[in-house]
Amino acid sequence: MKWLNEEDIEHIAIGASVLGTGGGGDPYIGKLMALHAIRKYGPVQVITMDELKEDHWIVPISGMGSPSVLVEKIPSFEMLMAPLVAYEKASGKKIDIVMPIEIGGVNSLIPVAVAAMKGIPILDGDAMGRAFPEAQMVTFHLDGLKPELVTIADEKGNTVTIEPADGHWSEKIARSITISMGGSSIVADYGVTGTQAKKSVIPGTLTLAQKIGEILKQPRNGAVHPIEQMLTLLDGHQLFRGKAVEIKRGIEGGFTRGKAVFEGSEENDLDSCVLSFQNEHLLAEINNKPIAMTPDLIAVLDEETGMPITTEGLRYGARVIIVAFPANERWRTPIGIETAGPRYFKYPYDYTQLEILIKEFVPS
């Protein structure tokens with residue numbers, strides 16, 4: 001049995017921001033909410049997949065909307081709890097465990113705060129293994145499960161309950177409601193039994209985020225740089241080193257969309273890199289050729305500190321190291337690529353695995 005303490009939250013916030021590929025909401029906000037909840041209500045128990053019972057009822061809780069809006073509209077505790085209250089009322093079921101829908105920034109820590117307030121455990125796992133921008137981009141959808149019941153709340157006290165036909169309609173309707181709520185909401189969806197969770201949930205991702213945070217937070221006096229240690233842990237690759245020279249970012253359709261352009265330095269002195277994002281980094285191109293693409297993970301790290309930088313936190317002049325990691329194998333299947341591959345986001349590439357793109361790349 002494991003209980004999350006304040007130090008664990010600090011580490012999860014860092015690691016989840018890496019796995020969140022630039023999205024999932026501001027990890028600093030999530031950290032503050034989780035820390036405050038733990039201090040007020042007590043530590044949170046973490047349940048592993050092996051500890052789940054067949055009849056446990058597990059509900060993911062998360063933020064929806066543009067990360068840029070969330071920075072200005074920080075959720076209250078009442079807003080965090082409202083979707084769960086509505087979910088229990090509409091379903092007639094008592095929620096035993098909450099879980100992150102994704103491992104990314106604030107959305108890894110909102111469930112921690114809710115678990116502390118409700119006095120229930122959090123599951124060590126999620127439904128993406130990273131962060132994705134749309135509601136149907138979850139392993140539940142890959143397994144043919146429907147959200148069935150979705151509850152949505154805002155900071156004004158509004159709560160909406162919907163029964164969408166499938167994950168795509170859940171995304172369309174919930175996104176439209178979220179835009180009407182000012183571009184940011186808290187959502188409960190995809191309630192599952194312990195049996196279903198064992199089949200669909202990607203296990204151990206909270207623990208993985210914590211390990212990443214511990215690595216990046218350690219003193220920089222070892223023989224191996226923490227970024228290199230993290231890349232070893234995640235079977236990852238360094239793609240690019242350079243400086244941000246142009247950032248185009250705006251809110252469109254409830255998402256933060258844009259591109260960031262980097263000029264290279266040191267080993268990439270003659271190269272340029274472009275990152276395209278929709279909340280999360282989805283495509284990396286070096287010298288106009290793809291080097292990494294969704295569903296594989298792309299993260300931007302501060303060159304000096306190794307700390308992850310979100311899409312809304314990236315600024316002109318930032319000196320960065322861009323890294324990438326293979327996605328969970330569930331996303332490399334035909335249905336995974338159809339659901340969250342580059343063609344879905346209208347990028348002009350068929351999905352190619354990160355390992356292959358790395359081998360084929362020839363620097364200038």
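Arg 130 lies over the face of Phe 132, at 4.1 Å from the ring centre. A charge is taken to sit over a ring if NZ of Lys or CZ of Arg is within 6 Å of the ring centre and within 35 degrees of the ring normal. Lys 93 is likewise placed over the face of Trp 57, at 3.8 Å from the ring centre. The model is predicted, and local features need pLDDT of at least 70, side-chain atom pairs count only at pLDDT 80 or more, and totals for chains, interfaces and linings use all residues. Residues are numbered from 1 along each chain as its sequence is written, and side-chain values use heavy atoms, with hydrogens and water left out.

Five aromatic pairs are present in the structure. Rings of Phe, Tyr and Trp (its six-membered ring) pair if their centres lie within 6.5 Å; planes under 30 degrees apart count as stacked, over 60 as edge-to-face and the rest as tilted. Phe 140 and Tyr 190 form a stacked pair, with 5.4 Å centre to centre and 25° between the planes. Phe 140 belongs to helix H6 (residues 139-142) and Tyr 190 to the loop between strand S9 (184-188) and strand S10 (192-193), so the pair ties together parts that are 50 residues apart in sequence. Helices (H or I, at least four residues) and strands (E, at least two) are DSSP runs, numbered from the N terminus. Both Phe 140 and Tyr 190 are buried, where buried means under 20% relative accessible area, exposed over 50%, and partly exposed in between (1.4 Å probe, protein chains only).

The ring centres of Tyr 344 and Phe 345 are 5.2 Å apart and the planes stand at 85°, so this pair is edge-to-face. Tyr 344 is partly exposed, with a relative accessible area of 28%, whereas Phe 345 is buried, at 10%. Tyr 344, Phe 345 and Tyr 347 form one aromatic cluster.

A search of the whole structure finds two cavities of 30 Å³ or more. A cavity is a set of points on a 1 Å grid over the protein atoms alone where a 1.4 Å probe fits but cannot get out, and lining residues have an atom within 4 Å of a point. The second largest cavity holds about 30 Å³ of space, a volume being the space filled by probe spheres set on the points. Its lining includes Lys 2, Leu 4, Asp 124 and Gln 210. Strand S1 (2-4) and helix H9 (205-217) each supply at least two residues of this lining, and H9 gives the most, with three.

Methods
1 Å grid on protein atoms, 1.4 Å probe; cavity = no way out; pocket = protein on both sides within 12 Å on 5 of 7 lines; lining within 4 Å.
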